[in-house]
Amino acid sequence: METRALNVFYGGFHAVHDVDLVFGRNEITALIGPSGCGKSTVLRCLNRMNDLVPSARVEGTVLYHDIDVYGPKVDPIEVRRHIGMVFQKANPFPKSIYDNVAYGPRVIGMKVESMDDHVEQCLRSAALWDEVKDKLKESGYSLSGGQQQRLCIARAIATQPDVILMDEPCSALDPIATGAVEDLMITLREDYTIIIVTHNMQQAARVSDRTAFFTARPDETTGNRTGLLVEFDKTSNIFGTPSDKRTEDYISGRFG
Amino acid sequence: METRALNVFYGGFHAVHDVDLVFGRNEITALIGPSGCGKSTVLRCLNRMNDLVPSARVEGTVLYHDIDVYGPKVDPIEVRRHIGMVFQKANPFPKSIYDNVAYGPRVIGMKVESMDDHVEQCLRSAALWDEVKDKLKESGYSLSGGQQQRLCIARAIATQPDVILMDEPCSALDPIATGAVEDLMITLREDYTIIIVTHNMQQAARVSDRTAFFTARPDETTGNRTGLLVEFDKTSNIFGTPSDKRTEDYISGRFG
Amino acid sequence: MTRTATASARRTTELNLEDGARRGKWKGEVFRALLILCLVIAFVTLLAVIVQAAVKGWSRLDWNLITQMPSTLDRETSGMKSAIFGTIYLMGGLVLTVVPIGVSAAIFMEEFADQSKWWVRFIDLNIQNLAAVPSIVFGILGLALIVRGPLSLGTVAYAGSLTLAMLVLPTIILASREAIRSVPVTLRNGSLGLGATKWQTIWHHVLPSAVPGMVTGTILALSRAIGETAPLLLVGATVFVTYTPDGFFDGAYTALPVQIYQWASRPQEEFRILASAGVIVLLAVLLAMNSVAIWIRNKFTRDL
Amino acid sequence: MSTATHTQSPPDGGRQEPVSLTASSPRYGEKAVVGWLFLCAAFSVLVTAGIVVSLLTPTIEFFNRVAPGNFFSAEAWAPFNSSNPGYGVLRLVVGTLNVTLWALLIAIPAGLGAAIYLSEYASRRARKVLKPILEVLEGVPTVAYGVFALTFVTPLLREFWPTFLPGKLGEPPGVFSAASAGIVMGVMIIPTVASISQDAMSAVPSGLRQAAYGLGSTRMQVATKVVVPAALSGIVAGFILGISRAIGETMIVLLAAGAAANLSLWPNDSVLTMTTFIARTSTGDIGHGTTTYYTIFAVGALLFAMTFIMNMISIALVRRFRETYE
Amino acid sequence: ACGSDDDGDNGTEDQPAAAEDDGQAAGGESEEGGSEGGELSGDIAVDGSSTVTPLTEAAAELFMNENPDVRIAVGTSGTGGGFDKFCNGETDVSMASREVKQEEIDLCAANGVEFEELGVANDGLAIVVNPANDWTTCITVEEINAAWKDGSTATTWADINSDYPDEALELYGPGTDSGTFDYFTEAINGEEGNITQNYNDIGEDDNAAVIGVSGSTGAMAFIPLSYVTAAGDQVKAIEVENEAGECVAPSEETVQAGDYNPLGRQLFIYPSAEALKKPEVLAFVEFHVENSGPAAEAAGFIGLTEEQAQEALDKVASLTGGR
Ligand SMILES: Nc1ncnc2c1ncn2[C@@H]1O[C@H](COP(=O)(O)OP(=O)(O)OP(=O)(O)O)[C@@H](O)[C@H]1O
Ligand SMILES: Nc1ncnc2c1ncn2[C@@H]1O[C@H](COP(=O)(O)OP(=O)(O)OP(=O)(O)O)[C@@H](O)[C@H]1O
Ligand SMILES: [Mg+2]
Ligand SMILES: [Mg+2]
Ligand SMILES: O=P([O-])([O-])[O-]
């Protein structure tokens, strides 16, 4: 999927300016940049989660299999069924582990031969099955933070999307749980297109195939900071031989 | 000032374990470490701000000019008058700029010859005077984020403390405002003992004389993560030749 | 750099952190005592209301009070059975009417309404404003439009319910909105991100999480309604009924507060005692309802 | 155009099977539900319209018979006097304000004090106990308060009135007095004032408290110099809502304030409030269709207008307060 | 107290509709008292005067003891409020502590409601003073008028009669909205609603006058005689000089005999012609008139005399065409 001349406004505030990105199939793309530069905003545009912010306005094109996601006849709910999402803070439903996974297939009316098998498969794909197989009826809240986040991933893949968006999926996790989720991402790459936002450059370097670096430029008159894409390239290039001075400054920790 | 065998509990949860630190006079000491390792907790113990958390319990000793801050007869309000504090999020009072600075001296009943002069001096010390001298009557909210944070510093020094605690004072600021606040810290060091908490290793490296590195160790049975001090040394040593593997991992970005 | 605070050296010499070193410490203690006094005023009055009614009504706090119909002839054994049943009918009709409407309105305002539209803000303003309209005005409204006028229900229990429903509707909407708002946005996003429709999200996640808050708000609103007298006087709660209502739409009814008011304005001492006993019954119902509300609130806030 | 430099384009393979993003079903059910929800929300507007309609027609009829000047500025109040009627509503308004004044004298300090205690002093556990008690207080049937005022507070006032006070103020009140009704009503609205003020104070960001404590403020200084000023417009909104509750309260004044339309702000006088007049007259002896009958609606309309204005002010204040701490 | 201790079997099969066309006159039944109780059924809605309410309540209770299937609901909307509902066709019987007014007659006529006025009891308005008042035993209408008339400047007892002491005068009376008030102002001040601004209006709650008078030595109040009995020795009713110049104390005999004037009065009920077509209403109305004595006793009023009762029954008969 790709974005063309994507601009996002919150009310009168220009949050993101002219972003052109092409996300590779079965690749992990990382969006990095300092706080407030619009990474989450761009991510949320991809599956129209930004529709839920009443003041948000999107200009430009987001193409998914050559269909404009913001096209007139497109149903945002349908879009989200194809493009799943995992959030910064693990947000399992206050239901059983089983129901957490089964919820998505049920609400979209997905036909599965056996829901039990489907749930098991999704939990296996999320590398969580062994840890929870004896307590499927327990609340999702009874899991540790890292397990909850993997449960959310299991839940996201249960509706069989082909793109998964992840907004700082590990920022609330400890190093061990982070490792588990990162391993999972790399496995999932085989079947899904994954786009992650992360604050953690090491993480981007570890898992992603491509990296987009954003920054925010303050408007001279209003002082509002509009996000823009600085550089988008193979991860190894971004971290090894950045072509933009700002990228280099950021990567080397000179600011941020 | 110094801490000896400092342990902090929130209810039954052991948040910080056995911290021994000695803060140098007229030096900047930085506390760094991953999220949740207890940096803010330790900082808040130094001027008994933790008294405001009902569940918090402090064991061990915090010495300030050889008086135990947690001694039986010590009045926490008196303590805070000697040890000022600046917070992560700039929190000016919804009053005029002038009143923000004058508030502290007024409530502690400080005798000043001329409040106007005193306010001016504090704002000058906080490198803010030139920017606000024509709008002292305007609300503190009318300032930009970086200006607000410097206003909070001006406010903190208005009561003439001799130690200033700062909890991630720049984490909500952009690089330019961060630079201004960092410069200010270095100037203030001449008159005050400064202790800062920061997430940003570059910042610790830029401004501090000494650095304390904390980490959190999960309890094997409960999974609760208790913070502990790993290493405390001259900043150049911590960043140059760390003596602990965990410090090195953290500094080099291998986790966190 | 101007050396403003030559702090350290000077202040160390006179360093005194001791409790009591600070001047004016007593002020804080006096202030705290005054604040407690403010609460005490309120609580002592509540206690005085209860004690006074209990002392006065003591001799009539018996089973007859609950099991017998009111009587002018046998005042010693007169009861308030019809009033109790009338109140049950009133409250039943009220709950069945106001809860669906109130909760639906709250869902609309929180989940679907676009706050930038003028008519949404108008409805919002209207609800807030309605919350503080004097209850007696609702009595006038009920008489003109429900008992008579377009609905012409007559002086039946449901006319009273409907009048009270309009009275507590804003309270229920506001409480339900509060409850809906407190459902974490992450829960909503989780569901919507899976491709659930808005209504599915509300039905499966928002409402179940908001129910405790809604129930508490509703019970508190009902405990206000149960004591309302003035509007009922206008919409025709009768004062002397020796039978329980036939239904929501049939027959005369009376209600606890109306019966109490009527007894309180009779000259005979027996009636005044009955009025006090009635106050105790009403307060007991009220306390029971509040306890349930508190229980629900505590149970669910602990679970979440 | 962005400043991005694309060095190497990724392989953008399209999925082979056709993808459709149009809605899979029209979802009529969902639309119907939203329609129903909207109707419910709009119902509240209907209620307001109902109030206006039910008050307006008879009020117009009243003003057909009585010149507005005779209503708003006449001195005499004697709607029952067939030969020499007077419709000077000022006496009722002043009577209402009289009771309200004494109620506020109790409710504002006590409500604010209770709110400060709950928000700044009470531990969580204490708050968990105290708040529900305040809620009970709010729900005490006003008829119970009325009976209490008449049979408990009034005798107490008559017995222990400070007769040493000079002039009119030193005279003990009669069986009906603004003071008795006002005091009890004051207690009745303490919870209203307290809970709205407390909400406003809890909404003050905790950062402000921390800052103030960090500067060595005492708890009292934090409460009075930082939290209360910061929450002021919310607190004032609570006061105003308290006022409109006091103006609209019926049973307490009906039982305890009397019915003499005295043009008086003295606490020891008996007064006739607007609500008393409405409640009493509409369950009284006047004939349907008489001018007195229409007076009920004129007074009701005035009462509605007064509380309406109060509410608007209160809502505007709360809104301003919310915006500050968005 | 629910009237369930009735002797007769509950012949509920006898529906009111059937009874209506039945040759057997409903009035005839009720004349025989409770012997045939239980055959009538139906609901009767009564509303109106707060003064009359206790009386009608008592009558209704007695009636329902004999006719357990008849259900009577009594509301208190005041005489005027009662007529308002009555003329709107919402009630069967209206209670009144005064005669119906022209506006109310017009309203009823406009809605096609025909009715008849029936006296159901006598009542006297007593002038009561504090028991400590030893200077007045018999008061004249002029003296009462001097105290109560519109624009009265009397502030002490001496102002109404120089023989009386210089005791501060404190006046209590029912609300301007009550029938009692109308009656008093008309009888004493010559015109309805004519009254001093300087009195303590106690609204519908006559008992409050008792509280007021018992608490103040110089107090005077006018209240229904029934309340005097109920108040015991908290207050003292004084004699009033009647038109014949005699000092008459308010009592059952003096009120019934008409000696206690001008402050003696009748209390009324107004059944509608439409409602009287229902046998149970007819029976109840007749019962109310016939049992004026016991009902009045229970409610603290004074029963009708024989002639008064007969006059009322004749009116009923004329309205129902002698059914
Ligand atoms: N709902 C919203 N309404 C108004 N402004 C918003 C909203 N969400 C985000 N913004 C603004 O848009 C800009 C970009 O926000 P965004 O959350 O996309 O940044 P980000 O790069 O994800 O930052 P972070 O790393 O802190 O998550 C910020 O200035 C933010 O304040
Ligand atoms: N008021 C509190 N009650 C209970 N637990 C608390 C409280 N404040 C902090 N904690 C816990 O104590 C631990 C240390 O928290 P602290 O805020 O000191 O960490 P930190 O190092 O400052 O983290 P960060 O970098 O995220 O600010 C954490 O596990 C936190 O959850
Ligand atoms: Mg983000
Ligand atoms: Mg911290
Ligand atoms: O209720 P009243 O008898 O005063 O009309």
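Guide: The shell around ligand 2 is made up of 5 nonpolar, 6 polar and 3 charged residues. Keep in mind that this is a predicted model.

Visitor: How many residues surround ligand 2, and which are the closest?

Guide: There are 14 residues around ligand 2, and the closest are Ser35(B), Gly36(B), Lys39(B), Ser40(B) and Thr41(B).

Visitor: Which elements of chain B each supply at least two residues of that shell?

Guide: Two elements of chain B do this for ligand 2: strand S2, residues 13-22, and helix H1, residues 39-46. H1(B) gives the most, with 4 residues.

Visitor: What polar atoms lie beside the oxygen atoms of ligand 2?

Guide: Look at the backbone and the side chains in turn. On the backbone, a polar atom of Cys37(B) is 3.2 Å from an oxygen atom of ligand 2, and an N or O atom of Gly38(B) is 3.0 Å from an oxygen atom of this ligand. Among side chains, a polar atom of Ser40(B) lies 2.5 Å from an oxygen atom of ligand 2.

Visitor: How much of the accessible area of ligand 2 does the protein cover?

Guide: On its own, ligand 2 has 630 Å² of accessible area, and the protein covers 65% of it.

Visitor: Let us turn to ligand 1. Which residues come nearest to ligand 1?

Guide: Ligand 1 has 14 residues around it, of which Ser35(A), Gly36(A), Lys39(A), Ser40(A) and Thr41(A) come nearest. By class, the shell of ligand 1 holds 5 nonpolar, 6 polar and 3 charged residues. Strand S2 (13-22) and helix H1 (39-46) of chain A each contribute at least two residues to this shell, and H1(A) gives the most, with 4 residues.

Visitor: What distances separate oxygen atoms of ligand 1 from polar atoms of Cys37(A), Ser40(A) and Thr41(A)?

Guide: For Cys37(A), a backbone N or O atom is 3.2 Å from an oxygen atom of ligand 1. For Ser40(A), a polar side-chain atom is 2.5 Å from an oxygen atom of the ligand. For Thr41(A), a polar side-chain atom is 2.4 Å from an oxygen atom of ligand 1. The protein buries 65% of the 630 Å² that ligand 1 exposes when taken alone.

Visitor: Now the helices. At roughly what angle do the axes of H3(A) and H6(A) cross?

Guide: The axes of helix H3 (residues 97-107) and helix H6 (residues 145-157) of chain A come within 7 Å and cross at roughly 30 degrees. Angles under 35 degrees count as roughly parallel, so H3(A) is roughly parallel to H6(A). The crossing of H3(A) and H6(A) is right-handed.

Visitor: Are H3(D) and H4(D) roughly parallel or roughly antiparallel to each other?

Guide: In chain D, the axes of helix H3 (residues 90-121) and helix H4 (residues 124-139) come within 10 Å and cross at roughly 155 degrees. Angles over 145 degrees count as roughly antiparallel, so H3(D) and H4(D) are roughly antiparallel to each other.

Visitor: Is the crossing of H3(D) and H4(D) left-handed or right-handed?

Guide: H3(D) and H4(D) make a left-handed crossing.

Methods
Residues numbered from 1 in each chain as written. Chains lettered and ligands numbered in written order. Predicted model: local features only at pLDDT ≥ 70, side-chain atom pairs only at ≥ 80, totals over all residues. Heavy atoms only, no water. Near = heavy atom within 4 Å. Polar contact = N/O pair within 3.5 Å; in protein donor to acceptor, adjacent residues only side chain to side chain. Areas by Shrake-Rupley, 256 points an atom, 1.4 Å probe, with all protein chains shown as cover. Nonpolar A, V, L, I, M, F, W, Y, C, P; charged D, E, K, R; others polar. Axes fitted to C-alpha atoms, helices over the stretch in contact; angles between N-to-C directions. Parallel < 35°, antiparallel > 145°, perpendicular 65-115°, else oblique. Left-handed = near helix turned anticlockwise from the far one by under 90°.
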